Structure formats: structure tokens, C-alpha cells
Amino acid sequence: MKLCNLILKLLIIFPTIAMANDYKAQCHELINILKAKNNANLVWGDYSTSKLMAIEKIQMNGFEVPIIVTENVEYSAFYGSNSPSLTIMERDEGDDEDDFKSQILFFNSLLSQSAEEKFPPPFPDTVFEIIKESLSVTPDDVNCNITTPEEMNTLIKQSIMITTKSVYTRGNKANAAIRIDDRNAFVITNNFGFEYFEMRNNKTLRMVVDTYEASDLDQFINSLNSQNALSELPIVTKAILEGVNSNKVADWENVLKVMEVNNYSETPKNLIIELISKLKEQNDK
């Protein structure tokens with residue numbers, strides 16, 4: 001659900017709260033609704049990485065991406081909610097799903113969308129910053145003793161932040177939020193692995209990582225600020241990024257050709273075929 005729709009629903013509630021004689025009861029009802037949301041109590045935690053060696057990094061669209069998928073690696077893409085997303089996954093050569101790793105990279109997501117027109121002050125400038133600031137807020141911080149417009153604005157801000165946090169964190173149980181030193185970035189861990197969020201030069205990256213190895217999180221974080229030389233961009237990955245950035249059918253058809261030349265398996269090729277089909281349908285509307 002888009003954030004503006006969530007805001008609209010909340011703003012419909014608040015005038016009722018402000019005007020009704022029993023607004024405190026309604027406010028407490030709102031708090032209960034917020035408490036029921038997934039990951040509403042997720043906040044910053046302390047985390048120290050073990051001293052594991054940094055892993056390979058590849059630069060993609062201005063971001064340095066540590067690669068935790070290291071065996072039988074294949075790249076592909078699929079069409080998400082509003083744009084293509086790049087995937088890094090292991091070649092499907094067995095039936096053991098517990099040994100499977102993957103990374104999904106969302107470059108052109110709503111996280112970089114300006115919130116200036118959709119949110120009144122004192123909201124942060126972007127959806128990314130709203131999520132980041134939400135990691136300091138829980139439903140217990142919401143104050144129902146409202147006597148001024150400023151306090152009402154704070155209530156609105158906190159409610160929307162908690163709702164946004166719930167929408168953008170994966171699954172029904174995120175474990176911890178981790179700050180990343182020297183970057184406008186953070187990690188949220190979950191039962192599947194972790195999610196990585198970064199904003200740089202007004203662009204955002206959201207990465208969903210599935211992994212069965214706990215050490216991958218430490219290696220990922222250690223690699224972000226490592227001085228290791230960046231690895232060369234694989235030819236298939238380069239073709240996929242051209243498709244992500246142009247969103248043109250011809251560029252995605254070229255991705256298929258490059259995959260064929262590089263003996264890719266059927267799964268990543270089928271993802272591209274499905275992406276092309278969806279893109280053509282969208283262009284025909």
C-alpha cells in the first residue's frame with residue numbers, strides 16, 4: 001500500500017480524535033492498532049561484528065554491494081511494484097532449500113520519493129528518512145494528552161512513522177535494527193537473513209538478503225567500509241543494470257541473449273521472459 005494512502009486514512013481519524021469529547025479513548029484505540037502492526041516495536045540495537053574478512057564488492061548504480069552469494073552465482077531480474085529489481089541467486093542444482101542464498105536489489109524504489117508535498121512538517125524529506133527515524137519510535141512513545149496543535153502533529157508523525165516501519169520491514173518479526181558507521185544506511189535483521197537500506201546522492205538502495213549462514217551478516221557489514229578493490233562487473237549484470245535503468249524491452253531482450261551466451265540456467269532466463277511480458281503489457285495500456 002502506498003504511503004500517501006496510509007496517511008490519508010490516519011488523517012481521517014485525527015480530526016475525530018481532536019474534536020470528540022472522548023478523544024483520549026479514541027487515541028488509546030489508535031495506540032492499540034499501532035501495537036498490533038508488524039515490527040511496531042523495532043528500534044535501534046547495539047551490534048558488534050566479529051572480525052571476519054571482507055568479501056567481494058561490486059559497484060552497481062553508484063552503490064558498493066557486498067556479494068554474499070558466492071557459489072554457482074547467477075544474476076537476473078523481476079518486475080516489482082514499480083520498477084525492475086536485480087536478483088543475485090545460486091544456480092538451482094539441488095533440492096535443499098536450506099542451503100539457498102539470494103540477494104534482491106531495489107534501486108528505483110519509493111524510498112527516494114520526496115515526502116515534501118505529501119507530508120506536512122515536521123516530517124523528514126524522504127520516505128527513506130521516515131523509516132530511519134521510525135527506528136527511534138514505538139507505540140509506547142505516543143502521547144494521548146493532547147492540548148496543542150504541535151502535540152497533535154507529533155501524534156500524527158509518530159503514527160505514520162510506525163505504520164511506515166511496519167510496511168517496509170519484512171515479515172512479521174524483525175529482530176534488530178543496526179546502524180552502519182560512516183554511511184547513511186542501516187540493516188534490519190529477520191528470520192530469513194536481513195535487509196539493507198542505504199541513501200547516497202539522493203538515490204536509494206534496498207536489498208533483501210536470504211541466507212542460512214549467520215556469519216554472512218558480519219561479513220556484509222565489514223565489507224561495506226572495507227578498502228578492498230571493487231570486483232569487475234559481470235557481463236550479465238552489466239546488461240541487467242542497463243535494463244533496470246532504461247526499462248526498455250529491447251535492453252531486456254539483450255539480457256536474454258547475453259544469458260544464452262553465458263550458459264545460464266532456465267530459472268533466471270524465465271524471470272527475464274516474464275519481466276519482458278509484463279513490460280509489454282504495461283506499454284500497451
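How many bridges join strand β8 (residues 193-200) to strand β9 (residues 203-210)? Eight of them do, and the two strands run antiparallel. Before going further, please keep in mind that this is a predicted model, in which local features need pLDDT of at least 70, side-chain atom pairs count only at pLDDT 80 or more, and totals for chains, interfaces and linings use all residues. Residues are numbered from 1 along each chain as its sequence is written, and side-chain values use heavy atoms, with hydrogens and water left out.

**Overall picture**

- The protein has eight helices and nine strands; these are DSSP runs numbered from the N terminus, with helices being H or I of at least four residues and strands being E of at least two.
- Of the 285 residues in the protein, 47% are buried, where buried means under 20% relative accessible area, exposed over 50% and partly exposed in between (1.4 Å probe, protein chains only).
- Among contacts with a separation of 6 or more, 62% come from residues 24 or more positions apart; a contact here means heavy atoms within 4.5 Å.

**The sheet**

- An open sheet is built from seven strands in the order β3-β4-β5-β9-β8-β7-β6, with antiparallel pairing; two strands pair if DSSP finds at least two bridges between them.
- β3 (73-79) and β6 (174-179) are the edge strands, each with a single partner, so one side of each has no neighbour in the sheet.
- From one strand to the next, the twist averages 15°; angles run from 0 to 180 degrees between N-to-C directions, and axes are lines fitted to C-alpha atoms, for helices over the stretch in contact.
- Helix α8 (residues 266-284) packs on the sheet and touches β3 and β4 (84-90). The direction of α8 makes about 20° with that of β3.

**Strand β8 and its two partners**

- Seven of the eight residues of β8 are buried, so this strand is largely enclosed by the rest of the structure.
- On the β9 side, arginine 200 stands opposite lysine 203, and glutamate 195 stands opposite valine 208.
- The hairpin of β8 and β9 has two residues between the strands, and asparagine 201 takes a positive phi near 50° there.
- Strand β7 (residues 185-190) pairs with β8 in the antiparallel sense over five bridges, and threonine 189 stands opposite phenylalanine 194 in β8.
- β7 and β8 also form a hairpin, with two residues between them.

**The disulfide**

- The count comes to one disulfide, taking a disulfide as a pair of cysteine sulfur atoms within 2.5 Å.
- Its partners are cysteine 27 and cysteine 144, whose sulfur atoms are 2.1 Å apart.
- Cysteine 27 lies in helix α2 (residues 23-35) and cysteine 144 in the loop between α3 and α4, so the pair ties together parts that are 117 residues apart in sequence.
- The torsion about the S-S bond is about -85°, so the disulfide is left-handed.
- Both cysteine 27 and cysteine 144 are buried.

**Helices α3 and α4**

- The axes of α3 (residues 127-134) and α4 (residues 149-168) come within 9 Å and cross at roughly 100°.
- The two helices are therefore roughly perpendicular to each other (65 to 115 degrees; under 35 counts as roughly parallel, over 145 as roughly antiparallel and the rest as oblique).
- Val127, Ile130, Ile131, Glu133 and Ser134 in α3 meet Lys157, Met161, Thr164, Lys165 and Tyr168 in α4.
- These contact residues divide into five nonpolar, two polar and three charged, where Ala, Val, Leu, Ile, Met, Phe, Trp, Tyr, Cys and Pro count as nonpolar, Asp, Glu, Lys and Arg as charged, and the others, Gly among them, as polar.
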